Amino acid sequence: MKTALIIVDVQNDFCEGGALEVKNGNEVIVVINELIKTNKFDEIIATQDWHPKNHKSFASNHKNKNVYDVIKLNGITQVLWPDHCVQRKKGSRFHKDLNLDKKFKVFKKGTNPEIDSYSGFYDNDHKSSTGLSEYLKKKKVEKVYITGLATDYCVKFTAIDSIKEGFSTFVIKDAVKGVNINKRDSQIAFADMKIAGVRLLTSKQNLNI
Ligand code: VGL
Ligand code: ZN
């Protein structure tokens, strides 16, 4: 059975000192590097948040709005973020310590200024695909292991879409970290993922690959 390691958004803006820093986000990097080193995965995928600078998920692109305000954007609930992961800027680059020198493939998301894309598979309205599902199916991948940032947004939505697309889906708990605007958000995200059928593992367990 073919497997994929998915590395969600390990980009400078989500790491220490970044515009949308995930507390202790950098700690996932060593864990992910160890997973890459095992050579056990048939495919290694990195997703990349890749926004144009007029992206409507940025508070700065709305009048009289603050970071973390919640609005309706084209009918969909949207948290307003600090400007982050702007295309071709330093903040959107993968963290330099992430060991992506093995063969890997990048899927970019969040490129349409009118809609956010937390999932690595689809925009938040589920209408536009990044091509990730088609790619994994073409490569005959059946099992997907998800790592990266952030547990309560892009990891969660990627994992739930992965289940919807029919992949056996595992999230490696010590290889993810959350934004936690509210302090229980990661816990809630783990519960939501479990309800959807995602299985939670740690990198120390036998990954059963
Ligand atoms: C993310 C908020 C906004 C993430 C991306 O990668 O979890 N969160 N854009
Ligand atoms: Zn984003």
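1. The side chain of Q11 has a polar atom 2.7 Å from the backbone nitrogen of D49. On another side, a polar atom of the Q11 side chain sits 2.9 Å from the backbone oxygen of S92. Both are polar contacts (a pair of N or O atoms within 3.5 Å; within protein, one must be able to donate a hydrogen and the other to accept it, and residues adjacent in sequence count only if both atoms are side-chain atoms).

2. Before going on, some housekeeping. This is a predicted model, where local features need pLDDT of at least 70 and side-chain atom pairs count only at pLDDT 80 or more, while totals for chains, interfaces and linings use all residues. Residues are numbered from 1 along each chain as its sequence is written, chains are lettered from A and ligands numbered from 1 in the order in which they are written, and side-chain values use heavy atoms, with hydrogens and water left out.

3. Back to Q11: you'll find this residue in the loop between β1 and α1 (27-37). Helices (H or I, at least four residues) and strands (E, at least two) are DSSP runs, numbered from the N terminus. Q11 counts as buried at 0% relative accessibility, where buried means under 20% relative accessible area, exposed over 50%, and partly exposed in between (1.4 Å probe, protein chains only). Neighbours within four places in sequence aside, Q11 is in contact (heavy atoms within 4.5 Å) with residues including T47, Q48, C85, G91 and H95.

4. Now for ligand 1. The residues around the ligand (one heavy atom within 4 Å) are D9, F14, L20, D49, W81, H84, Y118, L149, A150, Y153 and C154. The D9 side chain puts an N or O atom 2.6 Å from an oxygen atom of ligand 1. D49 has a polar side-chain atom 3.1 Å from a nitrogen atom of the ligand, and C154 uses a backbone N or O atom, 3.1 Å from a ligand oxygen atom. Taken alone, ligand 1 exposes 260 Å², and the protein buries 100% of that. Areas come from the Shrake-Rupley method with a 1.4 Å probe; for residues, only the protein chains shown count as cover.

5. C154 belongs to the buried part of α3, with 6% relative accessibility. How many of the 14 residues of α3 are buried? The count is 11, among them Y153, K156 and D161. They pack against β1 (2-8), β4 (76-79), β5 (105-109), β6 (141-149), β7 (168-177) and α4 (185-196).

6. The length of α3 (residues 151-164) checks out: 14 residues at 1.5 Å each should span 20 Å, and the end C-alpha atoms are 18 Å apart, which agrees. The expected span is 1.5 Å times one less than the number of residues. Just after α3, G166 takes a positive phi of about 95°.

7. In α1, the buried residues are V28, I29, V31, I32, N33, L35 and I36. Their cover includes β1, β2 (43-49), β6 and β7. N39, which follows α1, has a positive phi near 60°.

8. I6 in strand β1 is buried, at 0% relative accessible area. Sequence neighbours within four places aside, I6 is in contact with I45, F121, L132 and V144, among others. The C-alpha atoms of I6 and V106 are 9.8 Å apart, though 100 residues separate them along the chain.

9. There are 0 disulfides (cysteine sulfur pairs within 2.5 Å) in the structure. C15 is in none, and the nearest cysteine sulfur, on C85, is 9.3 Å away. C15 is buried, at 1% relative accessible area.
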